[in-house]
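Q: I have a structure open that I have not looked at before. Can you take me through it?

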Amino acid sequence: MQANQKQVTRLLKTARGQIDGIIKMIEDDRYCIDISNQIMATQAILKRANKEIIGAHMQHCVHDAIGSEEADLKIEEMMTIISQLMK
């Protein structure tokens, strides 16, 4: 993986901590909207981590594949990811 591993790891650990907090909120029967807000905050962090990973993939893997036999495969991978992100 060519992404900034420290940054991605930090983001994912933060999301993990938030998920633990959300579970505790549910167990403590906290207000639904507060729980929902925390879920959306966690989703935003996961999106930032995914953006870092996808960006690094484009800058390294896709860039390096241009002009090679793997170019079509890398483009198809990116099209699949973009399609999934747009759902």
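Q: Is Lys 24 buried, exposed or in between?
A: Lys 24 is partly exposed, as its relative accessible area is 47%. Keep in mind that this is a predicted model.

Q: What does Lys 24 pair with?
A: Lys 24 makes a salt bridge with Asp 28. Their closest N and O atoms are 2.9 Å apart. Asp 28 is also partly exposed, at 43% relative accessibility.

Q: Why would two such side chains pair?
A: Side chains of opposite charge can pair when their charged atoms come close.

Q: How many salt bridges are there?
A: The structure has two. Besides the one between Asp 28 and Lys 24, there is a salt bridge between Glu 77 and Lys 74, with an N to O distance of 3.8 Å.

Q: Where do Glu 77 and Lys 74 sit relative to each other?
A: Both belong to helix α3, residues 71-85, and they are three residues apart, so about one helical turn separates them.

Q: Switching to α1. What are its residues, and what is its span?
A: Helix α1 covers residues 5-27, which is 23 residues.

Q: Which residues of α1 are buried?
A: Val 8, Leu 11, Ala 15, Gln 18, Ile 22 and Met 25 are buried. Part of what covers the buried residues of α1 is α2, residues 32-65.

Q: What caps the N-terminal end of α1?
A: Asn 4 does. One of the side-chain oxygens of Asn 4 lies 3.2 Å from the backbone nitrogen of Lys 6.

Q: And Gln 5, how far is it from Asn 50?
A: The two are 45 residues apart in sequence and 12 Å apart in space, C-alpha to C-alpha. Gln 5 is in helix α1, and its relative accessibility of 48% makes it partly exposed.

Q: What follows α1?
A: Asp 29 follows α1, in the loop between α1 and α2. Asp 29 is not a glycine, yet its phi is positive, about 55°. Asp 29 is exposed, with a relative accessible area of 68%.

Q: Back to the surface. Which residues form a nonpolar patch?
A: Ile 75, Met 79, Ile 81, Ile 82, Leu 85 and Met 86 do. Together they have about 600 Å² of accessible area.

Q: Where is Met 86?
A: Met 86 is in the segment after α3. Met 86 counts as exposed, at 70% relative accessibility.

Note on methods. Residues numbered from 1 in each chain as written. Predicted model: local features only at pLDDT ≥ 70, side-chain atom pairs only at ≥ 80, totals over all residues. Heavy atoms only, no water. Salt bridge = Lys/Arg side-chain N within 4 Å of Asp/Glu carboxyl O. Buried < 20%, exposed > 50% of the residue type's maximum accessible area, 1.4 Å probe, protein only. Helix = DSSP H or I, 4+ residues; strand = E, 2+ residues; numbered from the N terminus. Expected span 1.5 Å × (residues − 1). Contact = heavy atoms within 4.5 Å. Polar contact = N/O pair within 3.5 Å; in protein donor to acceptor, adjacent residues only side chain to side chain. Patch = residues over 30% accessible without salt bridge, like charges linked within 9 Å, V, L, I, M, F, W, Y side chains within 5 Å. Areas by Shrake-Rupley, 256 points an atom, 1.4 Å probe, with all protein chains shown as cover.
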